[in-house]
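I opened this model to look up its pockets, and then one annotated stretch of the chain with a helix inside it. These are my entries in the order in which I made them.

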Amino acid sequence: MDAKVLIDSFAEFARSKNVDRPTMIRILEDVFRAMIRKKYETDENFDVIINADKGDLEIWRIREIVDDNSEDIWDHDKISHSEAKKIEPDFEIGEETYERIELEDFGRRAVMMARQTLIQKIKDLEKDLLFQQYEELVGEIITAEVYQILGREMLLMDGEGNELILPKGEQIPKDRFRKGDTIRSIVHKVEMVNGNPRIILSRTSPIFLERLFENEVPEVYDGLITIKKIVREPGERAKVAVESYDDRIDPVGACVGMKGSRIHAVVRELQNENIDVINYTDNLELYVSRALSPAKVSSIQANEEEKRLSVFLKPDQVSLAIGKGGYNIRLASRLVGYEIDVFRELSDYEEEEDVDLSEFSDEIEGWIIEELKKTGLDTAKSVLALTKEDLTRRTELEEETIDEIFRILKQEFEQ
């Protein structure tokens, strides 16, 4: 294989991989210099001239002419006078010789190895460029096509034919894709594994939801509305805290859109994930109340040291606060950064269903129930509505017995 064929074939391959001309020349020179070092031990006194457009290669060996008896005669950049005359008869001591080295001088095997090295260098360069390209896209939405579905991951192809990976754990549980489907996701991370770039996508990341909002809500994209925090249970529920620094803009209304037009597009992309958009505030109690929506909070007690909140609600609001599968309270806790404990309000028993005292016959002795009924107390609430002093005055029961009655009756309502 002569130089022209080698360079032409390499240049064509490099161009097909979108390698720029200076990089292509640098790779060619590196490979040829490696050939020179292998044969001559050094490439310091060699000039390599490449014209990739014409397929020309010139390799010149430069040496200084010294006397045949000189001590420097064995140096890599020296040549004896007698040897120099074989190149050009009229050479004199002290001059420099420029000897052209042909590619064939390196041997057929060396040339074939150079060809393989050139191809491998381009492939390595291609991998590096792909890694750099996607590293800059981390956190951005891309569109790719499904071409293979495996047990633990889905393989996708981008517009340039690069392989991308969407692991099972980064898919929304309700996702159902087939080969040929087009998928939107974010570039989650890019890593090198055994010299090959591994591009991981995600549809479960909060950043994916944030980018969808940027696409659908111009005020978010323009920075007029800031997304303070997003928490998700992918495919089920999400909470998004938003804030506007312009009093004229309602951040929640802008994100939802007229009749939900903006948020519907996001919900559809996320397989009908319920999205609560919340107005962010520095007021912790108000923020928690909004985070637990649609439940209505009665009162909140905060423990700053343990980062815990005790939230009290009316009985009919507790299930709303917890939400289906506990998603609402878990997401609210993550959104505000506190562990939230929910308690039913027990101070106002009129709002709860009453229980007849006879229902407690397994826990309270019959003569005690009869003693209470004699004073007109025939339901649990009627007893709990009184103080211990009132019961002591009305009945002949001891204080320890009254304490036990209160404990049993309160436990019923707590349950």
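Entry, largest pocket. I am working with a predicted model, and I began by asking why the largest pocket lies between domain 1 and domain 2. I found that domain 1 (3-127) and domain 2 (138-204) both give residues to the lining, so the largest pocket lies between them. I noted a volume of about 420 Å³ for this pocket, and a lining of 13 residues, of which Glu-126, Lys-127, Leu-130, Glu-160 and Asn-162 lie nearest the centre.

I then looked up which elements build that lining, and found that helix 4 (108-135) and strand 9 (196-202) each supply at least two residues, while helix 4 gives the most, with five residues. When I sorted the lining of the largest pocket by class, I had six polar, four charged and three nonpolar residues.

Entry, second largest pocket. I noted about 190 Å³ of space here, and I asked which element gives the largest share of the lining. Helix 2 does so, with six residues, and both helix 2 (21-40) and helix 4 supply at least two residues each. I wrote down that the lining includes Asp-30, Val-31, Ala-34, Met-35, Lys-38 and Lys-39, and that Phe-106, Ala-110, Met-113, Ala-114, Thr-117 and Lys-121 also belong to it. By class, I recorded seven nonpolar and four charged residues in the lining of the second largest pocket, together with one polar residue.

Entry, annotated stretch. I looked up the UniProt record, where an unreviewed entry lists residues 203-280 as "domain: Transcription factor NusA first KH". I take this label from the record, and for the model itself I noted that the chain over residues 203-280 is 38% helix and 29% strand, with its end C-alpha atoms 25 Å apart.

Entry, helix 8. Last, I checked the backbone just after helix 8, where Gln-271 takes a positive phi of about 60°.

Terms used. Residues numbered from 1 in each chain as written. Predicted model: local features only at pLDDT ≥ 70, side-chain atom pairs only at ≥ 80, totals over all residues. Heavy atoms only, no water. 1 Å grid on protein atoms, 1.4 Å probe; cavity = no way out; pocket = protein on both sides within 12 Å on 5 of 7 lines; lining within 4 Å. Points joined across faces, edges and corners; volume = space filled by probe spheres on them. Helix = DSSP H or I, 4+ residues; strand = E, 2+ residues; numbered from the N terminus. Nonpolar A, V, L, I, M, F, W, Y, C, P; charged D, E, K, R; others polar. Domains from an automatic or database assignment. UniProt positions renumbered as here; feature names shortened; annotations may be inferred.
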